[in-house]
Amino acid sequence: MKGFRCWLAAIALGVARGSGGRSAILRRNPYISSTSRTFRRLRSVFPRSYTLNSPRHIIRPTAEAPVRKGSSVCNADLSQPSWSVIRGCKVEDVSMIDANGATVIDLRAPVEYAEDHHPAAVNVPLLDNDERAIVGTIYKQISPEEAFDKGVGFVEKRLENLVNDIRIAANMSLSKEEKSPSEVFSEVAGQVRYLKTETEANAVPQKGDVVVYCARGGQRSRSVAALLQRLGWKNVWLMEGGYKNFRRYVRETLDSSIANEIPEKIVVLSGMTGVGKTRILNRVESFRPNSTLDLEGIAGHRSSLLGHVGLKPASQKSFETNILRRLLQGFPNGYAVVESESRKVGDSVIPEKIWRELERATKINLVAPLDVRVTRLCEEYLRDEHHRNELEKALPQLEYVMKGKNENEFVTMLRRGEERALTALLIEKWYDSRYRDRAKDAVATIDTSDEIECAEAVVDAIENKLL
């Protein structure tokens, strides 16, 4: 029995050091099978200071419990290598504005990154979209172990490119002493389930550091952090809880403490479609940097039935993330200027606390002659062939909403080159009738025909009359 214990200890030590892969030795040995009976036998042989999750898993010591006295494994060197202990940081320690100068790496698949991500993050996917779907299916339908093995196989094929992409993002040069990722991959893969994360008090990522995260701060990010450390990289961090924790932070901040980031004075630019509210907002921003909140720019939508034309609308998650990022940048001039919006900007919903603040805002009404409005809308929606094609696809829906049926009148006018007549028709028959009450309770009315003069007048009204 004593010899059997020593033999198992040698197996554990060899696997922990990466010799033979994650569980190859256990699988090859004829004395060990995957039956529950054998697993119970192993459990009875090893003291409680060892972790056996299943007969196929690596046998490893539990850090909290000492090895039982008298055990034949007492003298075995089963300590964790230094590279397997990863420094962890909290989500709030990675600034949404500039990440404190650190390089943030999002290891999730491109489809996950596209929906939302830390604003400072660069996407270096561990798995592509198709591979992620395959691994996820195996995880749900077969087992986590099989999914892990499949994922390892995918990653191993692109290992060199993965590390090189992270190096480029971090603007790091290749060290002469650095080993090839493929040389140490099996060693890291063998340790991945037993990697530890330690958080240091008052320590946060700084310039030159690398912060990695995945969906939940699990195997994807831990394995890459360990790999980089095994290659000799210094100052590698793991964002604890991954994107899921980041998303929780965004929602909780928007639901609770965000009111502290909104200035007391908020000014809303109201006006009819085409008067140039977004143009004036951008002019004000150029005169007074960090004084505006561009909700339509963040949403990727002009907040109308045709507002998506030529743009890429943001997801609700991305919308909220970038609103929070903008608010955390602050408003050094003591006021915030925004466009008049409904609660929904396209499909994105303005968070409740921010919406309440906008409802108490002071209004400045912007106006412009019909001819100027037509010109601006044509410039905006028909700036190139791509915009024209998207507009043509969207017009039937608008015609149906306006008339209750689609007679193809709007598309026909566009194809005939009657853009200005079509634009004037939509302004008078649709948009003006819907937004006529936006000028109500405005403290000033300013013509936007000259954009620079209008923006200057808006700033003057705010700083010399409203503050």
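## A first pair to look for

Which side chain meets that of Lys317 in a salt bridge? Look for Glu115, where the N to O distance is 3.9 Å. Lys317 sits in helix H13 (residues 316-329) and Glu115 in helix H4, so this pair ties together parts that lie 202 residues apart in sequence. Keep in mind as you browse that this is a predicted model.

How open are the two partners? Lys317 is partly exposed, with a relative accessible area of 27%. Glu115 also falls in the partly exposed class, at 38% relative accessibility.

Side chains of opposite charge can pair when their charged atoms come close. The structure holds 28 salt bridges. One of them joins Arg132 to Glu112, with the closest N and O atoms 3.3 Å apart. This pair links distant parts of the chain, since Arg132 belongs to helix H5 (residues 129-141) and Glu112 to helix H4 (residues 110-115), 20 residues apart. Is Glu112 buried or exposed? Glu112 counts as buried, at 11% relative accessibility, while Arg132 is partly exposed with a relative accessible area of 36%.

Another pair is Arg360 with Glu357, and here the closest N and O atoms are 2.5 Å apart. Arg360 is partly exposed, its relative accessible area being 39%. There is a network to trace as well: salt bridges link Arg279, Arg283, Arg376, Glu379 and Glu451.

## Helix H7 and its two partners

Two packed helices are described by the angle between their axes and the distance between the axes. Start with helix H7 (residues 159-169) and helix H9 (residues 219-230), whose axes come within 12 Å and cross at roughly 80°. An angle from 65 to 115 degrees counts as roughly perpendicular, which means that H7 is roughly perpendicular to H9. On the H7 side of this contact you'll find Leu159, Leu162, Val163 and Ile166, and they meet Val224, Leu227 and Leu228 in H9. Sort the residues of this contact by class and you get 7 nonpolar, no polar and no charged.

Now turn to helix H8 (residues 181-191). H7 and H8 pack at an angle of about 100°, and their axes are 9 Å apart. These two helices are therefore roughly perpendicular to each other. Here Leu159, Glu160 and Val163 in H7 meet Pro181, Ser182 and Phe185 in H8. By class, the contact of H7 with H8 has 4 nonpolar, 1 polar and 1 charged residues. Leu159 and Val163 turn up in the contact with H9 and again in the contact with H8.

## Helix H15 and what covers it

Helix H15 (residues 370-381) has 12 residues. From its first C-alpha to its last, H15 reaches 16 Å, close to the 16 Å expected at 1.5 Å a residue.

Which residues of H15 are buried? They are Arg373, Val374, Arg376, Leu377, Cys378 and Tyr381. Arg376 has already come up, as a member of the salt-bridge network. What covers the buried residues of H15 includes helix H11 (277-287), helix H16 (385-403), helix H18 (419-435) and helix H19 (451-466).

Next, find Val267 in strand E9 (residues 265-271). Val267 counts as buried, at 0% relative accessibility. What does Val267 touch, leaving out residues up to four places away in sequence? Its contacts are Ala336, Val337, Val338, Thr362, Ile364, Ile462 and Leu466. Take Val337: it is 70 residues from Val267 in sequence, but their C-alpha atoms are 4.8 Å apart in space.

## Two asparagines with positive phi

Finish with a look at two loops. Asn235 has a positive phi of about 60° although it is not a glycine. You'll find Asn235 in the loop between H9 and strand E8 (236-239). Asn235 is partly exposed, with a relative accessible area of 38%.

Asn290 also has a positive phi, near 60°, in a residue other than glycine. The place to look is the loop between H11 and strand E10 (292-293). Asn290 is partly exposed, with a relative accessible area of 32%.

Technical notes
Residues are numbered from 1 along each chain as its sequence is written. Side-chain values use heavy atoms; hydrogens and water are left out. Axes are lines fitted to C-alpha atoms, for helices over the stretch in contact, and angles run from 0 to 180 degrees between N-to-C directions. Helices (H or I, at least four residues) and strands (E, at least two) are DSSP runs, numbered from the N terminus. Angles under 35 degrees count as roughly parallel, over 145 as roughly antiparallel, 65 to 115 as roughly perpendicular and the rest as oblique. Contact means heavy atoms within 4.5 Å. Ala, Val, Leu, Ile, Met, Phe, Trp, Tyr, Cys and Pro count as nonpolar, Asp, Glu, Lys and Arg as charged, and the others, Gly among them, as polar. The expected span of a helix is 1.5 Å times one less than its number of residues. Buried means under 20% relative accessible area, exposed over 50%, partly exposed in between (1.4 Å probe, protein chains only). A salt bridge is a side-chain nitrogen of Lys or Arg within 4 Å of a carboxyl oxygen of Asp or Glu.
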